[in-house]
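Hi everyone, thanks for having me.

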Amino acid sequence: MERNLKLRKENRIKPIHSSLAIEQNTLTVQQVTDIIDGKRVLGNPKEIREVKNAYDAYEEILI
């Protein structure tokens, strides 16, 4: 079960990263992962907010 949760999370991170990269967000996949995990990341505050908003939107869609 824990493995399924990890895979689901990974399957959300990659599309979020790709979508934001198209919009010129320069954060890496690892930075996106860290943001979603609640870790502190050095980067543009606007780009960090975009990641959080995108993740929240994906969560709402999948509920």
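Helices here are DSSP runs of H or I with at least four residues, strands are E runs of at least two, and both are numbered from the N terminus. The side chains of K46 and E50 meet in a salt bridge, at 3.2 Å from N to O. By salt bridge I mean a side-chain nitrogen of Lys or Arg within 4 Å of a carboxyl oxygen of Asp or Glu.

Quick housekeeping. This is a predicted model, where local features need pLDDT of at least 70 and side-chain atom pairs count only at pLDDT 80 or more, while totals for chains, interfaces and linings use all residues. Residues are numbered from 1 along each chain as its sequence is written, and side-chain values use heavy atoms, with hydrogens and water left out.

So, how many salt bridges does a search of the whole structure find? Three. Another one joins E59 and R12, at 2.4 Å from N to O. E59 sits in helix α3 and R12 in helix α1, so this pair ties together parts that are 47 residues apart in sequence. Is R12 buried or exposed? R12 is buried, with a relative accessible area of 16%, whereas E59 is partly exposed at 25%. The cut-offs: buried is under 20% relative accessible area, exposed is over 50%, and partly exposed is in between, using a 1.4 Å probe and protein chains only.

Then there's D34 with K39, whose closest N and O atoms are 3.9 Å apart. D34 counts as buried at 16%, but K39 is exposed at 51%.

Now the inside. The largest nonpolar core has 12 residues, including I13, L20, L27, V51 and Y55. A nonpolar core is a set of buried Ala, Val, Leu, Ile, Met, Phe, Trp, Tyr and Cys residues joined through side-chain atoms within 4.5 Å. Which elements give two or more residues to this core? They are α1 (2–22), α2 (29–36) and α3 (45–62), and α3 gives the largest share, four residues. Leaving out residues up to four places away in sequence, V51 touches L20, N25, L27, V32, I35 and I36, with a contact meaning heavy atoms within 4.5 Å.

Last, the overall picture: three helices and zero strands. Of the 63 residues, 30% count as buried.
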